[in-house]
Structure formats: C-alpha cells, structure tokens
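Here's a quick tour of a structure, with a few spots worth a look. Have the viewer open as you read.

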Amino acid sequence: MSRSLDRSNAHYQRAVKRLPLGVASTFRYWGEDRTIYVHHGKGARVWDIDGNKYVDYRLGYGPAILGYADDRVDAAAKRGMEVGGVFALSTERELVVADRIAKMVPGMDLVRFSNSGTEAVMAALRLARAHTGRESYLLIEGSYHGLFDAAMWMVNLEDWDARSNSEPKVVSYSKGIPQTIRELAHLTPMNDPQRLEDVFRKHGNTLAAMLIEPIQGNCCGISASREFVQLARRLCDQYGVLLIIDEVKTGFRVAKGGIQSLLGVQPDIATFAKAMANGYPIACVAGREEVMRTFRYGGAAHGGTYTAHAVSLAAAEECLRILDETPALSTLAAYGESLKAGMSRILKARGIVHSFTGHPSMFGLFFAATPPDNYRAWKLSDYSFYDAMAAHLHDECIICEPDSREPWFMCEAHDASCLDDTLKAFERAVDRTLEGLSAGPAGKELIGG
Ligand code: PMP
C-alpha cells in the first residue's frame, strides 16, 4: 500500500511556524514528512487529514480502552457537560466514581482525583514524603512516571560499559531539570533482587517511597516478576518506605484490579489514569486510609482548578462501569492473544526469532528468543528490526509506536476486520523489513529458529 501524506506534510509546514516541531507534544513529531495529523477516530480506527484509514495500537498511549468516540462514554460525558464544568466545589459524582474504584481495586480505601498521570504520580510522591517526613525515593531503571522534575531521572546507558563493574550514571531525561534535586533520586534495575536489597540497606532509612511500574509501559512491556514486587513490598515494610505502584498504564486495563491484583501485592499508594475515562482527562491517586488522610490542611497539599471536572468525571463513571460490569477487558485481552498468535505465525514462517513481553492487553514485541527483563538488557539488545518494521507498518496504515519501548495497546473495539487488516499489513511490513536488512549483518542474526 502506498500512503500519501501530502496534506499532513503541507499542514506540518504551516504548523511548525506556530507550534514547536509543529505538534502539541514532542512525541507526536515523527519527522517533517512522516508526522500525521488526525482528522478523527472511531472505534479502533483513526483517519488522518489525507483520508488514510489506520488500525491504531497506540490508542493515545492507552486511554482509548473501549475505542475512540465510544457512544456510551460520550453520551455520559454530554450529560456531564450539563452539570456546568468546575465550581471550586465538590459534586456528588466524585463519591460514586471513588466507590467504583475502591470496589474494583482491593486496598484502595480512599481516592483523590487529578487531571493527568503526571499530576497523580506527583501527588503520590508528595503524599509519601509528607507521610514519612523523608525526601528521597527509589525508581526502577527504564520506568517513566511523568513529566515532573522528580520523575525525570534515568540511567545513562549510552556511556556505560556493560562489561565493567561500574554502575551507570544517573542523568536527567531533559534539559531544564535542576541538578540540585538529583541526589534525592535512586535507581535500581528491575528484577535484580540483590541490587534491590543493597539499595535498601544503603538508603532505606531515608527513602520516602519506592515507585514501580510492574509492567513497564514505557520500556517494551518489561515485567517485574511476582517475587521481585513481593520483595519490594517486604523491604518497604522493613524500612518504613511507602510502596507506590504506578498503574497509569496498567490500571483498569490488565485486570479490573490492575497489575497489583494480578501480582497479589498491595501498595500503600497507587496511581491510575489512562483507561479511567476512555480518553477524557482524569486520573487519580488512591491508597491506604492512614496514608491518604495525610491529604489535609497542614498535611500534603493537593487540589487543582480542573480537578474532577464534571465532563471527565461523568465519562469515568460510565467507562469504569463498563470495565467493571461487562466482559470488555477479557474481549480486548483475547484480541491481543489472537494478534500475538497471528504475528508469531508470520514471523515463524520466516524463521524470525521473537518473543513477547507484558500482558495481552498491552504487549511488547521483541526480536530475541527471550525478552529482556530489565532496561539494561533491552538497551544491550538489537532493536533495529523493530525500528525498521514500525516505519513500514505506518506506511501500511497500522499505527504502532516508532519506538520499540512503547507497547501495543488493545481496545474493546478491535475486531475481526482490524485483525485481518493488521496481519496482512504485518506480513508485508515484515517482508519489506527483511528485504531492507538482507544485505546487512543484523538480518542474518535475526533469522535463527
Ligand atoms: N506514569 C506512567 C506509567 C505513564 O505511562 C505515564 C504516561 N505515559 C505517566 C505516568 C504520565 O502520565 P500523563 O502523560 O498523563 O501525564
């Protein structure tokens, strides 16, 4: 299929004069001649301004759990519109939605709303600091917890020699992050119990919180083992550290009760966002009563003008009702299983070694026999096949993230026609990638068993 992006390209030239990189979020810029401008979305499909019709597996990085413009959620949002916006006062519906969250996720005794994942995690960290009276915190390498300064620390693997005994340096994700707060952030690799114990032994008494995303929604769906998260829970208890599970991507997606329910681990605080309202901007921080009551005058500050906006809140009420009371989550997980099976069939027929990470509702595709189990392993792996294939998939009108770290997201609206279109396009994209690689050494290494 040859896709034309003439209108998108022309629009980019106009947009870049007014908007940095021609977009509203840096990750939406895919290059001068490959940046897509959307006309509209419906179900699992997106139409761009050139009229190209895509099957979408980014789903806005996860929010459209039921599919775009879901009639049920949109009707609820319209009813929410009639309420009148925000009042700097509360409405009764906040309790209805909080009750639903508490019912779906065990241990989430109390709930506070936010507008985005970033805001929710920022509130969670502040809450942990206020509750413990400590300031530093522990992050897992390869995780992403939002755009606020405290979350924007990572290990620099570009300049790190994996064979050396040294640890990679902690650096900020972005310019503009004050280096003065750097020493508050500690990082440790996923699924490395020894290093986790070491870091607690060294810093446990000064940590306010440990943040973990047990399926790394920003690192190829790399998953924490049950034992690793259970060890984290024990160490947090031992050292008086609050365990924050960031369910911004996994919450109300991998299970009604989130990844914590699948792992059988209860955090002190959890954050939820993406799948809460099928794309309407709402998030929440929730957790153990004693901790959550620290949100009070004289305790941890929390609020915000647009918090619990009537439209988003009404959308959340309906979206969560659907996720709780209908088989939507098993429908989309079953679709994910079918998609993985179809991809495997195509790859196996060509002798291409591959594996999957994550959960069927948000999985990573990986070109090695065993998937990486932490960020260091991902960084040392060869992801050139994925990168080349992603561009061919876009040309075939399948939207996946160009960066192999972002998982493929499923929604309830993905149906048999989406599957059929996707697998046909996938087969062509794989073949075009192989053609492109056949001359180079990477292609030879991939084809094995
Ligand atoms: N936490 C996680 C795990 C995320 O994946 C994201 C966003 N991708 C965030 C926090 C930040 O959420 P938002 O983009 O809504 O601010």
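## Around the ligand

In the side chain of Asp 246, an N or O atom sits 2.7 Å from a nitrogen atom of the ligand. That makes it a polar contact, meaning a pair of N or O atoms within 3.5 Å; within protein, one must be able to donate a hydrogen and the other to accept it, and residues adjacent in sequence count only if both atoms are side-chain atoms. Asn 218 has a polar side-chain atom 3.1 Å from an oxygen atom of the ligand, and a polar backbone atom of Tyr 144 is 3.4 Å from a ligand nitrogen. Of the 390 Å² of accessible area that the ligand has on its own, the protein covers 84% (Shrake-Rupley method, 1.4 Å probe).

The residues around the ligand (those with a heavy atom within 4 Å of it) include Ser 116, Gly 117, Thr 118, His 145, Glu 213 and Lys 274. By type, the shell splits into 2 nonpolar, 6 polar and 4 charged residues. Here Ala, Val, Leu, Ile, Met, Phe, Trp, Tyr, Cys and Pro count as nonpolar, Asp, Glu, Lys and Arg as charged, and the others, Gly among them, as polar.

## What it's based on

This is a predicted model, where local features need pLDDT of at least 70 and side-chain atom pairs count only at pLDDT 80 or more, while totals for chains, interfaces and linings use all residues. Residues are numbered from 1 along each chain as its sequence is written, and side-chain values use heavy atoms, leaving out hydrogens and water.

Which residues of helix α2 are buried? They're Val 73, Asp 74, Ala 76, Ala 77 and Gly 80, in a helix running over residues 71–81. They share one side of α2 because they cover an arc of only 160° around the axis, taken from the directions from the helix axis to the C-beta atoms. Asp 71 and Lys 78 are exposed, on the face turned away from that buried side. Buried means under 20% relative accessible area, exposed over 50%, partly exposed in between (1.4 Å probe, protein chains only). Helices are DSSP runs (H or I, at least four residues), as are strands (E, at least two), numbered from the N terminus.

The buried residues of α2 pack against α3 (93–104) and α9 (310–325), with contact meaning heavy atoms within 4.5 Å.

Arg 100 lies in helix α3 and is buried, at 17% relative accessible area. Leaving aside neighbours within four places in sequence, Arg 100 touches Leu 320, Arg 321, Asp 324 and Glu 325.

Arg 58 is in the loop between β3 (53–56) and α2, and counts as buried at 14% relative accessibility. Its side chain makes a polar contact with that of Glu 401 (2.5 Å).
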